[in-house]
Structure formats: structure tokens, C-alpha cells
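Please read these notes with the model open beside you.

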Amino acid sequence: MAEFEEVMQQQLETSLHSELENLLSTADGAEAEVSKKDFEGFKKLFHRFLQVKGPSVEWPKIHRPPEDSIQPYDKIKARGLPDNVADCLNKLVVVKLNGGLGTSMGCKGPKSLISVRNENTFLDLTVQQIEHLNKTYNTEVPLVLMNSFNTDEDTKKILQKYTHHRVKIHTFNQSRYPRINKESLLPVAKDMAITGENADVWYPPGHGDIYASFYNSGLLDQLIADGKEYIFVSNIDNLGATVDLAILGHLMSQPNGKRCEFVMEVTDKTRADVKGGTLIQYDGKLRLLEIAQVPKAHVDEFKSVTKFKIFNTNNLWISLPAIKRLQEQNAINMEIIVNAKTLDGGLNVIQLETAVGAAIKSFDNALGINVPRSRFLPVKTTSDLLLVMSNLYSLDAGSLTMSQKRQFPTTPHVKLGSSFTKVQEFLTRFESIPDMLELDHLTVSGDVTCGKHVSLKGTVIIIANHGDRIDIPAGSLLENKIVSGNLRILDH
């Protein structure tokens with residue numbers, strides 16, 4: 001049986017290689033060179049995909065990380081800022097993962113170009129944060145954007161508006177991999193085009209691709225030559241992921257021989273985060289455990305807030321020389337995420353992906369830092385957007401901080417129904433963003449609109465049943481209220 005499987009695997013790989021060669025023959029010179037590198041990475045991933053059977057972890061071998069391997073942020077911060085803040089900053093590069101589109105929020109183009117606060121986009125806020133650092137400390141911290149073939153063109157057009165800002169901006173593209181037919185395990189694409197019929201047969205292979213594509217772009221070597229030592233990587237839609245001088249100082253103050261090559265910022269789980277990846281000790285190394293790797297029998301245990309108390313924010317600090325070393329040794333090992341999709345025509349495909357944090361086990365002296373929740377402020381939905389647009393947060397030099405006027409540090413739980421999914425529709429339903437300083441919980445469902453200067457306090461539930469509509473009048477105060485039925489306000 002094992003021999004039969006091996007022969008089948010070899011045949012599959014041979015067929016795949018032949019299909020990839022056929023695809024490459026349809027590319028022009030420059031594109032063919034880039035795609036050839038991409039396909040080398042895809043072949044390695046495909047080879048590993050064929051070999052891996054079942055969950056990639058053995059449950060009994062999972063242990064809680066040793067005490068000192070996840071440090072509390074307060075302990076790091078108590079050491080104070082380094083004497084030479086400017087020197088430390090000059091060795092840092094900020095990298096934002098910018099491969100995603102805003103389709104889940106009903107927007108065309110890169111997600112980073114959605115307006116989130118006072119007409120500022122995610123990208124605007126990022127540039128403002130880094131410019132503020134560079135001006136304050138007289139430093140040269142560059143911004144690097146990892147684009148995908150989906151976001152590259154639109155992002156580059158917009159970058160022209162920052163030419164007079166005090167931030168050097170570089171971009172590189174993550175790889176472009178072919179989606180494969182679930183049955184035949186062969187690429188669906190017929191040629192290298194990414195438009196027309198081919199619009200949905202390619203995909204960017206997850207943010208774990210950063211190591212190979214950063215290295216292949218030549219930018220990694222260029223930054224090392226410029227004296228840069230660490231990158232701070234985060235999702236561009238996480239508005240809490242700002243450069244933290246205490247963490248940077250901690251990294252720079254360690255002896256060279258024992259330098260930490262990888263820091264993952266984790267934060268305490270709440271009920272909303274039960275699916276987030278967590279840090280474990282496995283085979284003597286810190287390792288990221290994602291829900292996809294958990295055997296079915298243990299999924300509930302994984303989701304438990306008592307056993308696995310923290311989750312990965314995807315804010316990572318990684319040594320540049322270490323990435324170069326491991327990339328050249330082909331020693332970065334990340335678990336494969338198999339993502340099943342159905343194309344518009346009904347064809348079932350799979351895409352093979354990896355996650356950037358999964359490489360933690362390949363680096364030396366890796367460390368987790370348990371940071372405050374304020375460093376994890378992702379905007380994945382319009383419910384998140386409502387929070388960051390509201391008076392819960394103050395905006396200063398591109399950074400959002402919880403308003404001093406809010407009496408408790410937790411963020412309200414907001415659930416907006418399907419009528420609010422798309423940004424455009426969301427904006428038309430709120431004449432102005434309500435006062436939410438004293439809000440704990442908000443649920444809105446159905447055809448609901450909200451007038452100007454509305455205040456929400458405590459727990460507020462507004463439900464318009466099918467066929468009904470609720471207009472919350474301007475100036476309303478709703479405190480611990482359930483509103484249902486039909487309430488129409490007509491202009492006269």
C-alpha cells in the first residue's frame with residue numbers, strides 16, 4: 001500500500017510539474033522569471049501537502065510553554081526605554097501585510113484603501129504613525145508593504161501621494177500560486193493571465209509566504225546592507241499594531257549570542273477569540289498551534305479559555321539576518337493550511353497556504369510577549385469599523401487610543417446584521433456615528449437606520465423583523481433597551 005501511494009504521489013507531482021511548465025510557456029520574459037521562482041515554492045508546498053497525513057500535531061506531546069517563554073508586557077515595559085531610542089529605531093523596518101482585498105466589506109480594491117477614520121485609510125494612518133516616529137526621533141524607519149497581485153497596481157498608484165512624507169516606502173509582491181482542482185490536484189489555469197476567465201484561478205498563498213518572497217525580491221539583502229536588523233510585521237487592518245519602543249528596546253538590549261530572533265505578541269483570549277492560534281511547547285520549542293491542526297476530538301479543548309489563555313495577534317518582531325540564514329538553508333518549516341473554495345462555476349478547488357507566525361519554531365530564542373488588548377484592534381467587519389469610527393477612540397498622529405472618558409478598558413461587543421455588511425450601506429444607515437462611551441453590547445438586525453447624535457449605553461438590542469423598518473430618531477438616548485417592531489420616521 002505504501003509503495004502504491006508513493007507511485008501515485010510521484011505521478012501526481014510529475015503531472016503537476018508538466019502542467020506548470022506549460023503555464024510558464026505562456027508567460028513573457030520578465031513575468032516568466034518571477035513566476036518560475038513562485039512555482040519552485042509551490043512545488044515544495046505541494047510535495048509536502050502530498051506527504052502530510054492527518055493533523056500535524058500529536059495531542060499528548062503538547063505542553064504549556066515554560067514560564068519565561070511568554071513574558072508579561074508590564075515586565076518588558078518596566079525596564080524603561082533604551083537610552084538610544086534613535087539608534088534602535090534606525091535598525092527597524094515596519095512591514096505591513098497588504099495582500100487582502102476589501103471584498104468581505106463590499107469594497108473593490110485593496111482593503112488598506114478603505115477609509116476608517118476622518119477620511120483616513122489604513123494606509124494613511126500607517127504612514128502618519130511612522131512619519132511621526134521619524135520626525136520625533138530624527139530617524140529613518142522605512143515602511144515595506146507586502147502586496148499581492150490583487151493589490152499591487154492600485155497600491156502603487158496611491159503611494160505617489162506620500163512622496164513628500166518623511167517615510168521611505170518599499171513594496172514587494174508575495175507569490176502567485178495556482179488553485180488546484182480538488183479531484184485531479186492539477187492547476188485550473190490554462191495560461192498565466194490573471195483577467196477574464198483566469199480571474200479566480202490564482203491566489204496569494206497566505207502571509208507565511210513573506211519569508212520566500214521578501215528574500216526573492218532582493219529587498220531583504222538591501223535592508224540588511226542598510227544596517228537594518230529587525231522587522232516589525234503586522235496586518236495592515238490591525239489599527240493597534242504600532243511600533244512599541246519598549247519591545248524594540250528589549251530586542252536590542254540582549255547580548256548578541258543570545259539575541260531573540262522572533263517575538264510573537266499574544267494577548268488574553270476572550271470568548272470572541274476562541275478560534276485564534278495559540279502558543280504551545282512542542283518538542284522543546286515554542287510553536288504556534290492553529291485550530292486547523294487540532295485533531296477533531298480536541299477542538300473543544302483548544303477553544304477553552306481556561307486551558308489556552310492566549311492567542312496570536314500576528315504582530316511579530318523578526319530578525320532580518322535570521323530570515324536570510326534560514327531561507328538560504330531552506331529551514332523555515334510551516335504547517336500547510338488547506339483552504340477549500342468553490343469557484344463561481346461550481347468547481348471545487350483547494351489552495352495551499354501558510355501562516356507567518358507558524359515559522360516561530362524555526363528561529364532561535366523565540367519569545368512570546370503578552371501585550372494589552374489595545375495592541376489588537378483589527379477591522380475585519382463593519383462591526384469593527386463602527387467601534388474605531390466612534391468616540392471610544394481618540395486619534396493622534398495616526399494612532400488610535402481608547403478615550404480617557406471611557407470608564408472601563410474593555411471594548412463593547414458589537415454585532416451588526418447583514419444589512420450593514422457592506423461599507424457603503426453601513427455608512428448610509430448611520431447619519432452620524434453614535435456616542436458609544438458607555439456601551440457594553442450592541443446587536444442590530446434588519447432594516448435599521450440611525451439619526452444624528454444618538455447615544456447608546458449599557459446593552460442595546462435593535463431588531464427589525466422581516467418587512468419592518470426601524471428608524472432611531474436623531475438625538476435619542478438608548479440605555480439598556482430592546483427595540484423591536486416597526487418605527488418609521490417620514491420627512492414631511
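1. Start with Lys111. Its relative accessibility is 10%, under the 20% limit, so Lys111 counts as buried. This is a predicted model, so please read each value below as computed from a prediction.

2. Where does Lys111 sit? It is found in the loop between β2 (92-98) and β3 (115-117). Setting aside residues up to four places away in sequence, Lys111 touches Gly100, Leu101, Gly102, Met105 and Phe122, as well as Asp237, Val379 and Lys380.

3. Lys111 also carries an annotation. The unreviewed UniProt entry marks Lys111, Gln174, Gly206, Asp237 and Lys380 under "binding site". Of these residues, Gln174 is included in the lining of the second largest pocket.

4. Next, Gly206. This residue lies in the loop between β9 (202-203) and α7 (210-216). Is Gly206 buried or exposed? Its relative accessible area is 16%, which is under 20%, so Gly206 is buried. Leaving aside neighbours within four places in sequence, Gly206 is in contact with Gln174, Glu353 and Thr354.

5. His207 lies in the loop between β9 and α7. Which residues does His207 contact, leaving aside its neighbours within four places in sequence? They are Leu97, Met146, Asn235, Asn314, Thr354, Ala355 and Val356. Thr354 is also in contact with Gly206.

6. Move on to the helix. Ser213 lies in α7. With 4% relative accessibility, Ser213 counts as buried. Residues up to four places away in sequence are not counted here: Ser213 touches Met146, Phe172, Asn173, Gln174 and Ser175. Two of these names have come up already. Met146 is in contact with His207, and Gln174 is in contact with Gly206.

7. Now the overall layout. The protein chain is divided into domain 1 (50-375) and domain 2 (382-484). Their contact takes 15 residues from domain 1 and 15 residues from domain 2. The C-alpha centres of the two domains lie 30 Å apart.

8. How much area do domain 1 and domain 2 bury between them? The value is about 1,200 Å², with 64% of it on carbon and sulfur atoms. Met105, Arg117 and Leu239 supply 46% of the area that domain 1 buries against domain 2, more than any other three residues.

9. Last, Pro372. Its place is in the loop between β17 (367-370) and α12 (382-389). The relative accessible area of Pro372 is 34%, which makes this residue partly exposed. Not counting residues up to four places away in sequence, Pro372 touches Tyr73 and Thr267. Pro372 and Val34 are 338 residues apart along the chain, and their C-alpha atoms are separated by 40 Å.

Note on methods:
Residues are numbered from 1 along each chain as its sequence is written. This is a predicted model: local features need pLDDT of at least 70, side-chain atom pairs count only at pLDDT 80 or more; totals for chains, interfaces and linings use all residues. Side-chain values use heavy atoms; hydrogens and water are left out. UniProt positions are given in the numbering used here, feature names are shortened, and annotations may be inferred rather than shown by experiment. On a 1 Å grid over the protein atoms alone, a cavity is a set of points where a 1.4 Å probe fits but cannot get out, and a pocket is an open set with protein on both sides within 12 Å along at least five of seven lines; lining residues have an atom within 4 Å of a point. Helices (H or I, at least four residues) and strands (E, at least two) are DSSP runs, numbered from the N terminus. Buried means under 20% relative accessible area, exposed over 50%, partly exposed in between (1.4 Å probe, protein chains only). Contact means heavy atoms within 4.5 Å. Domain bounds come from an automatic or database domain assignment. Buried area is the accessible area (1.4 Å probe) that two parts lose on being put together, summed over both.
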